[in-house]
Amino acid sequence: MAPGSKAGWRLDEKITFASERDMPPLAVSLGTMLVNKTGTWRYMRPVYEDKTPPCNHACPAGEKIQGYLELSKAGEFGRAWELIMEDNPLPSVCGRVCYHPCEQACNRSNFDEPLAIHHVERFLGDYGLRKNLKVKREAARSERVAVVGAGPAGLSCAYHLARKGYAVTIYEAQPVAGGMLAVGIPRYRLPRDILEKEIANICSLGVEIKTGIRMGLDIALDDLSGHQAVFIATGQHQSTRLDIPGQEARGVIYGLDLLRDLNLGRSVEMGRRVAVIGGGNTAMDAARSAVRRGAEVTVVYRRSREEMPAIPEEIQEAEEEGIQFLFLSAPKRVLVKNAAVGGLECLKMRLGEPDKSGRRRPIPVDGTEFGLDVDTIIGAIGQEADLSFLPSGIALDRGGIQVDEHGVTARPGTFSGGDVATGAGTVTAAIGSGKKAALAIHSYLSGERMEEAFEPQVVAYEEINLDYFEPAARQAMPRRQITERLGGFVEVNLGYTEAATLTEAQRCFSCGVCNHCDTCWLFCPDVAIAKLDHRDYLINYDYCKGCGVCVEECPRSAISMEEEMRWKK
Amino acid sequence: MVEIRMHGRGGQGAVIASQILAAALFKEGKYVQAFPAFGVERRGAPVTAFLRMDDRKIWLKSEIYEPDHVMVLDAGLIETVDVTAGLKDGGWVIINSEKPPGEFRLSSKYRVATVDASSIAIRHRLGSRTAPIVNTAILGAFARSTGLVGIDAVVEAVKNAVPTNKEANARATREAYDGTRV
Amino acid sequence: MEKVIIGNYAVSYGAQLARVQVIAAYPITPQTQIVEKLAEMCASGELNARFIPVESEHSAMASTIGAAATGARAFTATSSQGLALMHEMIHWAAASRLPIVMANVNRALGPGWSIWADQNDSLSQRDTGWLQFYCESNQEVLDTVLQGYRIAEQVMLPVMINLDGFLLSHTSEPVDIPDQALVDRYLPLARRDLILDPDDPHSFGGLVNPEHYMEMRYKMHQAQLQSKEVAREADAQFKAIFGRSYGSIEGYRLEGAELALVTSGTIASTSRVAVDRLREQGEKVGLLKIRMFRPFPGEEVGELLGGFKKVAVIDRNISFGHGGIFCQELKSALYNLLKRPQVYGYIAGLGGRDVTPQTILDIAELTACRDVPPAEADWIGVKV
């Protein structure tokens, strides 16, 4: 043994030499460094801890957006599609019609522009359809579930249950499946074949859809007793009445009716000069559909542009297509001529204090009446659910079915979701509620406990290490020319190419989720991070001094420092 | 102790010549010391190399100011450098030149020898036609004129010192020995 | 085998015979041929060593330290500015107690730029813990490389071997290149303790608190002092095997002398010639050559010079504001003697100024005609 070295030396032992003769000749550790575990110097330790990216958190359908962007970066589009399909059976549809709250949440928007998640999703959905990709199904179960309504909520619930092996039958009142996707959204936004293919994918899992069966008229809810659970997702298909004098006149129609008739190929009576009342997506869809029928269209909205609930792109595209907007204007009465619309009298509004919705309340300004020379008035100020078919025992709340966060109604075995329950009014929220209900139904039928919800740790922009990123422009979505658009109901947006998708996905920060960039591994000054199988990392806490360089440098906040629990053995 | 100074141009091999001569003398039992003028060398610029020989160990570590003999590897240097500076009376001035010794108008205190080392080197393909390497040839003339070293020892030292063309260098040395004019 | 070789090659052959295992060096005039020769030897297989090309002298010493820390016999060489650039690592090598041998070709420091002989480079490293030797012939250079490893590996301190730029580095002299088998007997390779070893990992160079730092320095100092005896033994063994010895100091014709000239390096060599001439003229002058500067052989110097009336120290170096550095060392070594000589300080040969026998004769004469040493050293030949 070397002079001065000492066997059995303990780390916590304070050593004082009585004489220089006992000391080693140079500054050297007494024992082997294998004993001197410098990790004991640590006060806090780094841990790999994936957090929730803001996009994932914002997605009402619960998509793992960061995950499929990461796969898309590598060109793994098939696996990316499978990852979306874990949460959402309608990516091609959502890639077209979702209002993409994920992009509003995207941390990249503080840096340059948000990721075009919506466009990547559409590309992946279309990729799955083009490649005829299929999802897997678990072993068949004996329980049967009935779903009322083949809209996005019903389809989503049926899909998730079918994947778990349940036998599902959907009862749909309309002659086609899809709910609002089929009868509410115009084809120029959502081509019918796309919707049909994604519905066909759901049916390929064994889901049966029975169309033209109206609940309460053709069949009663109680007739579904052959099923062990029922999911009600009948939506909101009744337009809110305008409730102004003259509303009974011929030429006063409603947006949902117009869109349904157009979508189902029924004849539509409409004049040349059209006023659309409302500022939501149905108003935009109605106005843009009317323009495509050759009408001159004016949108009358009682608040200002900032308060419009429609998706900004929709408003922009409507303006491009020549639609006029009258803001801070509300209809006062229909000017009736020979029992038909002869014009519309409006009143100017001003904005007062914010109301419950957070938007500023419109207040009429007396004496500001003015007339609009129109022959058709399309009401699109809201929609309501038809609850007349419901049996007793299902409690109601604010014009819809009362449910808890899992879609459980007051009646055992009966669940509900989508607009009829939540009134949320968006496709993704409906898809998300269908998925949640499916999980609740599975728990109800199998007795398995549902996973407990946890408080997500959403990564904030400030937690991103911007040193690792460079500005990069968002890939533009190619669109059809205006003239081509107005000629009919062809799809406006053409979709990303594979190259554009790859480039766009590269922009993702991968907030809070390790994507194996090796930064921690390269920076660790104690070489205490090992790379397993050339991919995952392992921190050797025997030698990690807790300096925090890995945490500091991690570009995406996927490592956290946590307090040491020394007293816990 | 005998001190020798060699004048040449950078690239002609004066420093190597001093080392070869030192090796030859050492072989014959002399104590030797060889060194260049201390400093930086540039191709074509005048360079100086020195040699000391004695029968006993040489402790002296200073430059040579009063040489016993000088060698001039490039006759053109005589115009620009005082090649006989400090030269002791009776010392040899050995010049690489095709001219006979009498054509050099040096003080009668000195003995002059000439050898056409350039032509000899060119004949034996040492260096190029424009820049022949004359250092091995001039050593033959040194042996012949001063008699301080035997030609066999010089030839052997040449063979040991040069990395290539050993025989050509050896023949050039002997040819210069035979062709020295005094 | 005897060969006529330049001093730089004497260093290279010394390193080769010592079977050094790692060489990390950066070329600098007038040291370059040392590195070139060793690189050739490594390339040709004459020397089985790892040659590490580095980007600076700091890295050269750092690499040498790393190599020595693993227990390898490591070597480097430098000069002047290169040595200065190494400075931080030079401390590190000594305090790490690594038996490195380094050749330093003494060269003046710039600016004004100079490539010629001067000892200020190595003497600037006086207090780093390295042993220092100054040589006066190529043979001594080679022999001291071998002795250097023998001493270094016993006291675990690095050794710096100094040779004057051009005066030795570029001067060819006959050198006896010893037999490898004899060198192997003199200098066996042995495994050392406390080395970097992956199978027994230790941490080196860590924090030492005030409770122990002084003791570590005390031990280094003790090792320096101990190295005097170790060097004596190494020299004696060397004589037994190779027939040559040098001593830490050497007196030359001091018997019966009244004036002792004291100097080092090639000035000592030239001084022998001057002393011979003076003796021929009947002047009672002798020479003391200081070969080992660190540890300073103060007792031996005292023993040899205690009886002298006058001592003249010739320094090829200058400690600005105080004088020649060997002179200061000598004075402090003599100060506590009951009977101590007058010490006359002379500065000569800075930046390669030629020191001839006449220079020495002038110094001897100047010393002889004075009764009291002047307060300041004389600058010989300086144009004032």
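Predicted model: local features only at pLDDT ≥ 70, side-chain atom pairs only at ≥ 80, totals over all residues.
In chain A, five strands make up an open sheet with parallel pairing, and their order is β7-β15-β8-β9-β10. At the edges stand β7 (252-254) and β10 (324-326) of chain A, each of which pairs on one side only. Averaged over the sheet and ignoring direction, neighbouring strands are turned by 25° against each other. Strands of a sheet pair through backbone hydrogen bonds, in either a parallel or an antiparallel way. Here β9(A), residues 296-300, runs parallel to β10(A) and is joined to it by three bridges. One residue to look up is Val300(A), whose bridge partner in β10(A) is Leu326(A).

Helix α10(A), residues 255-263, lies across β7 and β15 (376-379) of chain A and runs at about 70° to β7(A).

Next comes the interface of chain A and chain C. The contact involves 20 residues of chain A and 19 residues of chain C. Together the two chains bury about 1,800 Å², and carbon and sulfur atoms account for 66% of it. On the chain A side, Glu20(A), Leu26(A) and Ala27(A) supply 32% of the area buried against chain C, more than any other three residues. Glu20(A) also meets Lys219(C) in a salt bridge, with an N to O distance of 3.3 Å. The side of chain A that touches chain C consists of 13 nonpolar, four polar and three charged residues.

Chain C also meets chain B, through 24 residues of chain C and 20 residues of chain B. The area buried here is about 1,900 Å², with 63% from carbon and sulfur atoms. One salt bridge is counted between these chains: Glu173(C) pairs with Lys61(B), and their closest N and O atoms are 2.9 Å apart. Ten residue pairs are in polar contact. On the side of chain C that touches chain B, the elements giving two or more residues are β1 (2-6), β8 (172-176) and α9 (265-280) of chain C. Helix α9(C) gives the largest share, five residues. By class, this side of chain C has eleven nonpolar, eight polar and five charged residues.

Technical notes:
Residues numbered from 1 in each chain as written. Chains lettered and ligands numbered in written order. Heavy atoms only, no water. Contact = heavy atoms within 4.5 Å. Buried area = accessible area lost by both parts, 1.4 Å probe. Salt bridge = Lys/Arg side-chain N within 4 Å of Asp/Glu carboxyl O. Polar contact = N/O pair within 3.5 Å; in protein donor to acceptor, adjacent residues only side chain to side chain. Helix = DSSP H or I, 4+ residues; strand = E, 2+ residues; numbered from the N terminus. Nonpolar A, V, L, I, M, F, W, Y, C, P; charged D, E, K, R; others polar. Pairing = 2+ DSSP bridges. Axes fitted to C-alpha atoms, helices over the stretch in contact; angles between N-to-C directions.
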